[in-house]
Amino acid sequence: MILYSAMEKFLRKARGFAHSTTHFGGALSVARKLAGGSRLGQRAVGHLEGWMGKYTDYRTRAFDRKHGTDTFERAQLADLQVAGLDPRFGDWLYGPINPDFFAEMMRALPLRLGDYGFVDVGAGKGLALMLASEYPFRELLGIEFSPELVEAGKKNVEKYERSTGRSLRVEWVCDDFMAHALPPRPSLFFLNNPFPHSIATHAITHIEKSIAAHPRKVALIYRKPHGETVKQLDASPHLRPLKSTPFWHAYEAV
Ligand SMILES: C[S@@+](CC[C@H](N)C(=O)[O-])C[C@H]1O[C@@H](n2cnc3c(N)ncnc32)[C@H](O)[C@@H]1O
């Protein structure tokens, strides 16, 4: 029995390691260093990068295959009906979070997730919300400014509910995050690369103002923040760093 559970634990860890995007990224940066300026090395890194991208896409699509949802396909924000879209978005895309990467972030967060509601800032087609439903968050809120994506997200959640037999009770808000009054409840804000830095700065100020107006438990995970965004977060008098990795950063309210 002890041997069986040790084996099971080992296999779970090995599976997590094999599917780990962070380790992929780590391997890639080691490969880049090894390749240096050599042309052959650069080509090998290019191939490795292409292969990793394909594998990550394969793993992201696995969610849709399993649940009959449609979260994978990217979409240019400029092609969606977003009222008054800021031209600074340029060719910015909707793209889903990779589920393995999401699981890694959740595992690594030194927080009691059950103390927080999960707020997806730019919820897109709802993948992060559905993944978050597998953790003990108090509530799930998706804020997304494209009505088309909100519709797609709602349909996806319905399909996921049928596939899993669980009711998610997701609250959807179709609004610009910066214009939306944030819930004065304990919240973990999830930002999966939703905007360029020049816009991210307003989102951070919006969260800071909410913390100042309603002091409470707040955490924030930012995937793929721009260097300037990290500087702003690190300097915030309302936040302290919880975890910094090459691919994502987490903070909590002081
Ligand atoms: C990279 S996608 C991430 C989707 C989802 N969070 C996930 O991880 O699967 C970023 C999303 O943010 C949305 N978005 C960008 N700026 C926004 C804003 N100011 N208010 C609401 N949604 C926004 C975009 O429409 C897009 O769907």
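Visitor: In which strand is the place of proline 241?
Guide: The model is a predicted one. Proline 241 touches Asp234, His249 and Tyr251, leaving aside residues up to four places away in sequence. The place of proline 241 itself is in strand β8.

Visitor: Does proline 241 count as buried, exposed or partly exposed, and why?
Guide: A residue is buried with 20 or more other C-beta atoms within 10 Å, and exposed with 12 or fewer. Proline 241 has 13 C-beta neighbours inside 10 Å, so it counts as partly exposed.

Visitor: How far apart in space are proline 241 and alanine 253, C-alpha to C-alpha?
Guide: In sequence, proline 241 and alanine 253 are 12 residues apart. In space, the C-alpha to C-alpha distance between proline 241 and alanine 253 is 9.0 Å.

Visitor: How many bridges join strand β8 to strand β9?
Guide: Strand β8 covers residues 239-244 and strand β9 covers residues 248-253. A hairpin through three residues links β8 to β9. The two strands run antiparallel, and the number of bridges that join them is five.

Visitor: Which residue in β9 is the bridge partner of lysine 243?
Guide: β8 and β9 are joined by bridges in the antiparallel sense. For lysine 243, the bridge partner in β9 is alanine 250.

Visitor: How many of the six residues of β9 are buried?
Guide: One side of β9 has Trp248, Ala250 and Glu252, and the other has His249, Tyr251 and Ala253; all are buried. Both faces of β9 are therefore covered, and the strand is largely enclosed by the rest of the structure. The number of buried residues in β9 is six of the six.

Visitor: In which loop is the place of lysine 224?
Guide: Lysine 224 has a positive phi of about 60°, although it is not a glycine. With 13 C-beta neighbours inside 10 Å, lysine 224 counts as partly exposed. Lysine 224 is found in the loop between β7 (218-223) and α8 (227-234).

Visitor: What is the phi of asparagine 193 near?
Guide: Asparagine 193 sits in the loop between β6 (187-192) and α7 (197-213). With 18 other C-beta atoms within 10 Å, asparagine 193 is partly exposed. Its phi is positive, in a residue other than glycine, and is near 45°.

Visitor: How far apart in space are arginine 61 and lysine 154, C-alpha to C-alpha?
Guide: Arginine 61 is found in helix α3, residues 39-67. It counts as partly exposed, with 14 C-beta neighbours inside 10 Å. Arginine 61 and lysine 154 are 93 residues apart in sequence, and their C-alpha to C-alpha distance in space is 18 Å.

Visitor: How far apart do the C-alpha centres of domain 1 and domain 2 lie?
Guide: The protein chain is divided into domain 1, covering 2-67, and domain 2, covering 75-253. The distance between the C-alpha centres of domain 1 and domain 2 is 25 Å.

Visitor: What is the radius of gyration of the protein chain?
Guide: The protein chain has eight helices and nine strands. For 254 residues the globule rule gives 18 Å, and the chain comes close to that, so it is as compact as a globular protein of that length. Its radius of gyration is 19 Å.

Visitor: What percentage of the residues in the protein chain is buried?
Guide: Along its principal axes, the C-alpha trace of the protein chain spans about 50 × 50 × 40 Å. Of the contacts with a separation of 6 or more, 66% are between residues 24 or more positions apart. Among the 254 residues in the protein chain, the buried share is 33%.

Visitor: How many residues of the shell around the ligand are nonpolar?
Guide: The ligand is surrounded by 23 residues, and the closest are Ile97, Gly122, Gly124, Phe177 and Asn192. α5 (127-132) and β4 (140-144) each supply at least two residues of this shell. Six of the shell residues are polar and three are charged, while the number of nonpolar ones is 14.

How values were computed:
Residues are numbered from 1 along each chain as its sequence is written. This is a predicted model: local features need pLDDT of at least 70, side-chain atom pairs count only at pLDDT 80 or more; totals for chains, interfaces and linings use all residues. A residue is near a molecule or strand if its C-beta atom, placed from the backbone, lies within 6 Å of it. Helices (H or I, at least four residues) and strands (E, at least two) are DSSP runs, numbered from the N terminus. Ala, Val, Leu, Ile, Met, Phe, Trp, Tyr, Cys and Pro count as nonpolar, Asp, Glu, Lys and Arg as charged, and the others, Gly among them, as polar. Domain bounds come from an automatic or database domain assignment. The radius of gyration is taken over C-alpha atoms; the globule rule is 2.2 Å times the number of residues to the power 0.38. Two residues are in contact if their C-beta atoms, placed from the backbone, lie within 7 Å. Two strands pair if DSSP finds at least two bridges between them.
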